[in-house]
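This report describes the fold, the sheet, the salt bridges and a surface patch of one protein model. The structure is shown first, and the description follows.

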Amino acid sequence: MLDPQDEYYDRRLATHVVSLYYITREDEEAESLDMSLLRDYISYAKTTCNPVISDQAAQLLVEKYTGSGVGQVSAYPRQLESLIRLSEALAKIKLSNAVSEQDVEEASRLHREALKQSAIDPLTGKVDINILAVGMSSSARKHVSELCEALKKYFASKQQFGAWVSTKKLLMEIRENSDRMVSREIFEEAVNELCKNDVLVRGRESRLRLSKPIILAHESAE
């Protein structure tokens, strides 16, 4: 089905559609905010406003931290401090002398969005504060620990103590005998952990060997 030709109608429609995307210089200047004015406003808000947290806002902060907010992702006290500072900053923007429940709600929303962008565990798809605190998620840390034990068993099974093994070959064999994906990053973390604990020694040409004989837990029990 074709639209009937109407030049006047088409011109009005085209002008309207283009106006949705086209911004004139006057419109752009009207919408822009003078940066010097913004700096002065922020400076004024910092020096003149010292908002006090209201009783209702304080209760909501506790609820956001321990309930449906940050508390569900194993938060640390400094995460609560971040919520408080954000809430106070939002109150200052409005030149308010008190932190309201609305400020806490917005601070909580901003905090959740920031966590989603910087603290998502790719293995679980959930927020994990450990990524920010120690640079590694809890699930990744557990994987590294399991891989350390697997590496110990691998070297303990070698008949000749002190035999050198290339890291490339070692990674290939670990991957072949593992029921889950072993990334190079996790592998290197495990190797570094064992080297730091004086279990493995790095040699030339990316080779590894035991620094001393090891006795596995099940062997010592026997």
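## Salt bridges and sheet of the predicted model

Glu146 and Arg180 form a salt bridge, in which the closest N and O atoms are 3.2 Å apart. A salt bridge here is a side-chain nitrogen of Lys or Arg within 4 Å of a carboxyl oxygen of Asp or Glu. The pair links distant parts of the chain, 34 residues apart: Glu146 lies in helix α8, and Arg180 lies in the loop between α9 (167-176) and α10 (184-196). Glu146 is partly exposed, with a relative accessible area of 38%, and Arg180 is partly exposed as well, at 34%. In these terms, buried means under 20% relative accessible area, exposed means over 50%, and partly exposed lies in between (1.4 Å probe, protein chains only).

The model is a predicted one, in which local features need pLDDT of at least 70, side-chain atom pairs count only at pLDDT 80 or more, and totals for chains, interfaces and linings use all residues. Residues are numbered from 1 along each chain as its sequence is written, and side-chain values use heavy atoms, with hydrogens and water left out.

### Overall composition

The protein has eleven helices and five strands. Helices (H or I, at least four residues) and strands (E, at least two) are DSSP runs numbered from the N terminus. Of the 222 residues in the protein, 26% are buried. The accessible surface is about 15,900 Å², and carbon and sulfur atoms account for 52% of that surface; such areas come from the Shrake-Rupley method with a 1.4 Å probe, and for residues only the protein chains shown count as cover. Among contacts (heavy atoms within 4.5 Å) between residues at least 6 apart in sequence, 54% join residues at least 24 apart.

### Further salt bridges

A search of the whole structure finds ten salt bridges.

| Pair | N to O distance |
|---|---|
| Glu146 and Arg180 | 3.2 Å |
| Glu149 and Lys152 | 3.6 Å |
| Glu188 and Arg202 | 3.5 Å |

Glu149 and Lys152 both belong to helix α8 and are three residues apart, about one turn of the helix. Glu149 is partly exposed at 38% relative accessibility, and Lys152 is partly exposed at 24%. Glu188 counts as partly exposed at 24% relative accessibility, and Arg202 is partly exposed at 43%.

Strands of a sheet pair through backbone hydrogen bonds, either parallel or antiparallel. In this model, three strands form an open sheet in the order β3-β5-β4, with antiparallel pairing. β3 (165-166) and β4 (200-203) each have a single partner strand and stand at the edges, so one side of each is left without a neighbour in the sheet. Two strands are taken to pair if DSSP finds at least two bridges between them.

β3 pairs with strand β5 (residues 207-210) over two bridges, and Ser166 stands opposite Arg207 in β5. Between β4 and β5 there are four bridges, and Leu200 stands opposite Leu210 in β5. Helix α8 (residues 138-156) lies across β3, β4 and β5 and runs at about 80° to β5, where axes are lines fitted to C-alpha atoms, for helices over the stretch in contact, and angles run from 0 to 180 degrees between N-to-C directions.

β4 and β5 form a hairpin with three residues between them. Most residues other than glycine have a negative phi. Glu205, in the loop between β4 and β5, has a positive phi near 55° and counts as exposed at 72% relative accessibility. Ser206, placed in the loop between β4 and β5, has a positive phi of about 55° although it is not a glycine.

### A nonpolar surface patch

Tyr41, Ile42, Tyr44, Ile93 and Leu95 form a nonpolar patch on the surface, with about 460 Å² of accessible area together. Patches are made of residues with over 30% relative accessible area and no salt bridge; like charges are joined within 9 Å, and nonpolar side chains (Val, Leu, Ile, Met, Phe, Trp, Tyr) within 5 Å. Helix α3 (residues 35-48) contributes the largest share of the patch, three residues. Tyr44 is placed in helix α3 and is partly exposed, with a relative accessible area of 47%.
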